[in-house]
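I opened the model to look up a few helices and some residues around them. My notes follow in the order in which I made them.

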Amino acid sequence: MSNDPLLQPYQLKHLTLRNRIIVTSHEPAYPEDGMPKERYRAYTVERAKGGVALTMTAGSAAVSRDSPPVFNNLLAYKDEIVPWIREMTDAVHEQGAAIMIQLTHLGRRTRWDKGDWLPVVAPSHHREASHRAFPKKIEDWDIERIIKDFADAAERMKAGGMDGVELEAYGHLIDQFASPLTNELDAPYGGSLENRMRFCFDVFKAMRKRVGDDFILGVRYTADECLPGGTSKADGIEISKRLKESGLIDYLNIIRGHIDTDPGLTDVIPIQGMANSPHLDFAGEIRVATNFPTFHAAKIPDVATARHAIAAGKVDMVGMTRAHMTDPHIVRKIIEKREEDIRPCVGANYCLDRIYQGGAAYCIHNAATGREQTMPHIVAKADVRKKVVVVGAGPAGLEAARVAGERGHDVVVFEAAPHAGGQIRLTAQSERRREMISIIDWRMSQCEKYGVRFHFNTWAEAETVNAEKPDVVIIATGGLPHTEVLSKGNELVVSSWDIISGDVKPGTNVLIFDDAGDHAGLQAAEFLAKAGAKVEIMTPDRSFAPEVMAMNLVPYMRSLQKLDVTFTVTFRLESAEKNGNQIVAHVGSDYGGIAKQRHVDQIVVNHGTIPLDELYFELKPLSSNLGEISHDQLLAGKPQSVNHNPEGKFQLFRIGDAVAARNTHAAIYDGLRIAKDI
């Protein structure tokens, strides 16, 4: 048996967990009609295949109709969920893993205009900032009804073969009862700590009565809200002790912080540029204070930190949830002593930010996550070895090269720059986004493993490509900043890339016109403001930086607000002209009737990229498919067979920003789904 702390089994009541790594409850937003159907099951089973001890689904499943999901959650209040749960639990158990589900009533953390348009309920009329619904103050009959709903849902989950149920308390209804900030009820459910905890215990009592003693029950709760007047650390330790002493539950899952605002949520679940494992020591304090099984997860992205968490006795089970979205086979690679092959989580939080914006969860650099039915996490060897030429070593080109290499092909990459990375290398210029470079570093190490050859400082031309006698050519040359957006004065502007890279000296009074709404605009603003410039960010949209999304926006705002950056929405930069050593910026609005001016010494435009596609069009008439991709074959996962030019010597494909300005995930997805079928 291994002496690795992470690989030691753990006995939780009657349940033997095969190691110390868990995937904590999260909702990837893959349900169909509120049910965990094939896609959801495939995603969950993949982590079990990868060796995790326990996977927890749903973040969280709704127990009541007046707890409508604000994104695509499981609906545990429906009887029809039971057979779907059973199919998933059976499949997970077949892989040797345990499986639990998280149940909740959202309370005020939802909206009344979702689902059945029932009033939101909470122990006060205070609305939650994030979801903006003013709740009805909960009545006695609501409490009785919801307690029964929890018990009904737990019974359904046991019938579905779950090993246990975890209650989601932090930020949701149970926590709204527990916190003095959100509970304005009279006794017996309001007032003292004992009264505020009564709802939680009544729920557990009802569940335990329904599911019996041979079923795991746990709770994920905040033991310190980090808010004035809220649940304090001292309160949290007392709550933890009472939870243990109740005899109703089998473990504690520790959270520190509050999630009623975007900044609060981001401190609970930190993103890139923020400290790793910020609440691990606090979880350890709870474990010491209670001497009770303790779980915890909060930006524990790497094996070394997880190993420390167990070896140092901080927790009994360590959660690596976003890390398993990036690489579902972490445990298997630890067992096989291949930790260097683990795809690193870079904390980009594309996964969670997409959910909170109403989309499905995708990892920024593992395009197979959430697409397990169509995309492989492990690429199969090809039947016939081919010569593959990739032009461009950004994320799209590197993914194509990695996958083609893993397929067993002879792969060569040409890159004009002296190093790989493309736009990611530019992005990683920001200290806070430095982790992004791991997307490139991991692919370079994998390419080396598979024998991919690189030619840097090489501007590939048609002759360069033809000399390789390729069977397949993949153009991943990316794009260049698009700044030709004004009716006049385009020669007076610089790009966000110019600022981030340091190629252009920062001005002192700068207008950033950002209608791309991605990271580059805010990164440029931060560079400029830190250099001492007065900065205004202007966008014609209703909100700025919509592509950055909520949690990623938090660190930018904390920085840019301190630097006194001005944000102007719903105005459009139309033209610019020189006036001495100043630039006059002419500003209008898509809404009409407005003509303003700004006098600045620098204008920065962030308007995405235009494809660098000359080589593609030069090679197109020489290719067998004339550059065409069959969408039917692409989406069906079949090899491309288009052949319009029998004289053509190679297939030609174009991916990433060489096609059109998109994002890192799109570029990597392009590379994977083209190369996996070569």
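I began with helix α3 and listed its buried residues, which are Asp142, Ile143, Ile146, Ile147, Asp149, Phe150, Ala151, Asp152, Ala153, Ala154, Arg156 and Met157. Buried means under 20% relative accessible area, exposed means over 50%, and partly exposed lies in between, with a 1.4 Å probe and protein chains only. I noted that an α-helix has 3.6 residues a turn, so residues three or four places apart point the same way. Helices (H or I, at least four residues) and strands (E, at least two) are DSSP runs, numbered from the N terminus.

This is a predicted model, in which local features need pLDDT of at least 70 and side-chain atom pairs count only at pLDDT 80 or more, while totals for chains, interfaces and linings use all residues. Residues are numbered from 1 along each chain as its sequence is written, and side-chain values use heavy atoms, with hydrogens and water left out.

I then checked the length of α3 (residues 140–159). Its 20 residues reach 29 Å from the first C-alpha to the last, close to the 28 Å expected at 1.5 Å a residue. The expected span is 1.5 Å times one less than the number of residues. After α3 comes Gly161, with a positive phi near 90 degrees.

Next I looked at α13 (residues 395–406) and α15 (residues 437–449), which pack at an angle of about 30 degrees with their axes 9 Å apart. That makes α13 roughly parallel to α15. Angles under 35 degrees count as roughly parallel, over 145 as roughly antiparallel, 65 to 115 as roughly perpendicular and the rest as oblique. The axes are lines fitted to C-alpha atoms, for helices over the stretch in contact, and angles run from 0 to 180 degrees between N-to-C directions.

Which residues make the contact of α13 with α15? I found Pro395, Leu398, Glu399, Ala401 and Arg402 on α13, and Ile440, Trp442, Arg443, Met444, Gln446 and Cys447 on α15. Contact means heavy atoms within 4.5 Å.

I also recorded how covered α13 is: twelve of its twelve residues are buried. α13 reaches 16 Å from its first C-alpha to its last, close to the 16 Å expected. Gly408 follows α13 and has a positive phi, near 100 degrees.

Two residues touch this region. Thr664, in helix α22 (residues 664–675), is buried at a relative accessible area of 17%. Beyond its neighbours within four places in sequence, Thr664 is in contact with Ile364, Pro395, Ile424, Met436 and Ile439. His365 is in the loop between α12 (350–356) and β13 (387–391). Is His365 buried or exposed? His365 counts as buried, at 0% relative accessibility. With neighbours within four places left aside, the contacts of His365 are Thr326, Arg343, Pro344, Val346, Ile439, Arg443 and Ile668.

My last entry is on Pro270, in the loop between α7 (262–268) and α8 (280–290). Pro270 counts as buried, at 1% relative accessibility. Not counting residues up to four places away in sequence, Pro270 touches Ala275, Pro278, Ala298, Lys299 and Arg322. I also looked up its separation from Arg156, a residue of α3 already listed as buried.
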